[in-house]
Amino acid sequence: MRQAFKNTSWHWDSDAARKVGDAPDHARLYLRMMDESDYAERLAPVVGTLAGAVLDIGAGAGSLTRHCLAPGAHWLAVEPNPEMGRALESLRAPLSGRGVRVDWIPSRWEDLNRESRPGGLKADCAVAFNMGATHHEADRLYDVMRACSPGTMIWVVPAQEAPSSFCLAGYLPEEFWGGACVPAYQKTLEQLGAGRRPDQIELVDWTCRSSFASRNEVMTYFIDRLDVSGDVAAAAELRAVLARKLERESAGNRVSCSKRSAVLFWRFGQ
Ligand SMILES: C[S@@+](CC[C@H](N)C(=O)[O-])C[C@H]1O[C@@H](n2cnc3c(N)ncnc32)[C@H](O)[C@@H]1O
């Protein structure tokens, strides 16, 4: 039966599979998913309080960051996606009530050096939570963030043995996404090498959850995400597996899976 999937061109790390964060509907789905999950609840106590000027690379809508900001913090949220930017803007008023200032910087981290700010972008701490460059271009990202002179740097990197760019992959049997993967944070450590090794690493387990309006929406989500809509046999097999799983778990239209994150800390000059 797995033959149908072997014949598709889908791969979890393909361009098609990297859509999350690049399109408004994927951005909205991501934010809904993080709000339903215990991502912030489990990770915020480990990350701790972020004070002073906080440079946040790939800020999204601050699903985690906004729970960590100390009163009086200045959040420099680097985020190229306009949908995420709109969500960030909507946080300005509620966060100002806590004395937190929000600056949305609609830029990619690769372009930060070109920021025309006097003296460049300077921060007391720099964070990158759950964003691809931490395991695709870890050494370059590290250097850019370090150049902003943070006293502390903190990254949250996927650590489950399932794809890092497909949040709900773990809901499906692993044959659907190709079997156990090397956890992303191990690639991070490899790319960083001995010279940039974090001072501390903590592993945190959490659960990713998402509610869909109907079973049909669940099916459509996974069929699109696995890019098998053009493969009748594969799509039918996926529908059957999902229908059995939803029935067995009696969870309505809610899907969930276990996740693990690695929290990487660097403390400079301490
Ligand atoms: C998975 S979300 C994580 C959002 C948030 N940090 C969190 O903890 O939930 C990854 C974010 O990185 C952003 N991103 C993607 N490429 C980027 C780049 N080159 N520079 C800065 N941010 C980027 C995406 O738009 C997306 O909002």
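This report describes the fold, the sheet and the helix packing of a predicted model.

## Basis and overall fold

Residue numbers start from 1 along each chain, as its sequence is written. Because the model is predicted, local features need pLDDT of at least 70 and side-chain atom pairs count only at pLDDT 80 or more, while totals for chains, interfaces and linings use all residues.

The protein has 10 helices and seven strands. Both are DSSP runs numbered from the N terminus: helices are H or I with at least four residues, strands E with at least two. Of its 270 residues, 39% count as buried. A buried residue has 20 or more other C-beta atoms within 10 Å of its own C-beta, with C-beta atoms placed from the backbone. Contacts are taken between residues whose backbone-placed C-beta atoms lie within 7 Å. Among contacts between residues at least 6 apart in sequence, 71% join residues at least 24 apart.

## The sheet

Seven strands form an open sheet with mixed pairing. Their order is S3-S2-S1-S4-S5-S7-S6. The edges are S3 (101-105) and S6 (200-211), each of which pairs on one side only. The twist averages 20° from one strand to the next. Pairing here requires at least two DSSP bridges between two strands.

S5 (residues 152-158) and S7 (residues 254-267) run antiparallel, joined by seven bridges. In this pair, tryptophan 155 stands opposite leucine 264 of S7.

## Strand S1

S1 covers residues 53-57. Five of its five residues are buried, so the strand is largely enclosed by the rest of the structure. Ala53, Leu55 and Ile57 lie on one side, Val54 and Asp56 on the other, and both faces are covered.

S1 runs parallel to S2 (residues 74-78), with five bridges between them. Isoleucine 57 stands opposite valine 78 in S2. S1 also runs parallel to S4 (residues 125-129), here through four bridges. Valine 54 has cysteine 125 of S4 as its bridge partner.

## Helices H7 and H8

H7 (residues 138-146) packs with H8 (residues 184-192) at about 70°, their axes 8 Å apart. Axes are lines fitted to C-alpha atoms, for helices over the stretch in contact, and angles run from 0 to 180 degrees between N-to-C directions. The two helices are therefore roughly perpendicular, a label for angles of 65 to 115 degrees; under 35 counts as roughly parallel, over 145 as roughly antiparallel and the rest as oblique.

Ala138, Asp139 and Tyr142 of H7 meet Thr188, Gln191 and Leu192 of H8. By class, this contact has three nonpolar, two polar and one charged residues. Ala, Val, Leu, Ile, Met, Phe, Trp, Tyr, Cys and Pro count as nonpolar, Asp, Glu, Lys and Arg as charged, and the others, Gly among them, as polar. H8 also lies across S5 and S7, running at about 135° to S5.

## Helices H9 and H10

H9 (residues 215-225) packs with H10 (residues 232-249) at about 135°, with axes 10 Å apart. That angle makes H9 oblique to H10.

On H9 the contact uses Arg215, Val218, Met219, Phe222 and Ile223. H10 contributes Ala235, Leu238, Arg239, Leu242 and Leu246. By class, the contact has eight nonpolar, no polar and two charged residues.

Definitions and conventions: A residue is buried if 20 or more other C-beta atoms lie within 10 Å of its own, exposed if 12 or fewer, and partly exposed in between; C-beta atoms are placed from the backbone. Two residues are in contact if their C-beta atoms, placed from the backbone, lie within 7 Å.
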